[in-house]
Each structure stands twice: as structure tokens, then as C-alpha cells.
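Colleague: I am new to this structure. Could you walk me through how to read it?

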Amino acid sequence: MASLHIPDKPPVVAVAPVQPPASEAAEEGAGGERRLRVSPRGLWRGFKRLTQLGWPKSFPIVQFPNAPLIIAFLAGQAATQTHGTTHAYASAVSYLAM
């Protein structure tokens, strides 16, 4: 039967520290707070990346309202033009259709 060797400690791997790009290097200001230094080119790239995001072409921007919403709108408009019992019924239909 073969024996399985399990090491007591995991191997040590040396990793070099990663330096941020020169345009994003942090500098220490008055009072000891750290500020991120960003170049105008870096800001422009970030702005362009955010403004390039868009809506997928297969999704509609505007959707035609469904039948209950149309009924609610029409009943609400009718309620504003009428008085008495007709107003009460039209208002009720408008609220129920929503």
C-alpha cells in the first residue's frame, strides 16, 4: 500500500509587491491622510468607460402600457370631468385598475 505524504506546513511562496501605476500613486498630504493622485488621462479613460456602458439592444426602452393601466388612465380622466355618482364610479374603476 502506498503512503501519502502530507507536509506539516504549506510551502512558502515569495510574491513581489505590486506597485500601482504612476497615474494612481498615493501621496501623503498634510495631516497624514493619503490621497489618490489621478492624471487627467486616467480620469478621461474612467469617464469614457462609464459613458460607454449602455442598454442591451434587445431590451425595449419604452413599453406600451397594458390594458388595465390604459383603463385606469381613461377612468381617471373621466372622473376629473364628471361629478356626483359618475365621478365616484369612475374614480373607483381608476383605483381598482391600478
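Modeller: Start with one side chain. Leu 74 is exposed, because its relative accessible area is 53% and the cut-off for exposed is over 50%. Keep in mind that this is a predicted model.

Colleague: Where is Leu 74 placed?

Modeller: Leu 74 lies in helix H2, which covers residues 67–81. Its C-alpha is 8.9 Å from that of Ala 90, a residue 16 places away in sequence.

Colleague: What is the overall layout of the elements?

Modeller: Read from the N terminus. The order is β-β-α-α-α. That comes to three helices and two strands.

Colleague: How do I read the length of a helix such as H2?

Modeller: Compare its span with the expected one. H2 has 15 residues and reaches 21 Å from first C-alpha to last, close to the 21 Å expected at 1.5 Å a residue.

Colleague: And how do I find the sides of a helix?

Modeller: Begin with the general idea. An α-helix has 3.6 residues a turn, so residues three or four places apart point the same way. Now the case here. Ala 72, Ala 75, Gly 76 and Ala 79 are buried in H2. They sit on the same side of H2, because they cover an arc of only 105 degrees around the axis.

Colleague: Which exposed residues does the face turned away from the buried side of H2 carry?

Modeller: That face carries Phe 73, Leu 74 and Gln 81. So Leu 74, at 53% relative accessible area, is exposed.

Colleague: What do the buried residues of H2 pack against?

Modeller: They pack against H3. Take Ser 94, a residue of helix H3, which spans residues 85–97. Setting aside neighbours within four places in sequence, Ser 94 is in contact with Ala 72, Ala 75 and Gly 76.

Colleague: Is Ser 94 buried or exposed?

Modeller: Buried. Its relative accessible area is 10%, and the cut-off for buried is under 20%.

Colleague: How much of the protein counts as buried?

Modeller: Of its 98 residues, 10% count as buried. The protein exposes about 9400 Å², and carbon and sulfur atoms supply 65% of that.

Colleague: Which residues form a nonpolar patch on the surface?

Modeller: Trp 55, Phe 59, Ile 61 and Val 62 do, with about 540 Å² of accessible area together. Look at Ile 61. It is in the loop between helix H1 (40–52) and H2. Ile 61 counts as exposed, because its relative accessibility is 70%.

Note on methods
Residues numbered from 1 in each chain as written. Predicted model: local features only at pLDDT ≥ 70, side-chain atom pairs only at ≥ 80, totals over all residues. Heavy atoms only, no water. Helix = DSSP H or I, 4+ residues; strand = E, 2+ residues; numbered from the N terminus. Buried < 20%, exposed > 50% of the residue type's maximum accessible area, 1.4 Å probe, protein only. Contact = heavy atoms within 4.5 Å. Areas by Shrake-Rupley, 256 points an atom, 1.4 Å probe, with all protein chains shown as cover. Patch = residues over 30% accessible without salt bridge, like charges linked within 9 Å, V, L, I, M, F, W, Y side chains within 5 Å. Salt bridge = Lys/Arg side-chain N within 4 Å of Asp/Glu carboxyl O. Expected span 1.5 Å × (residues − 1). Arc of directions from axis to C-beta.
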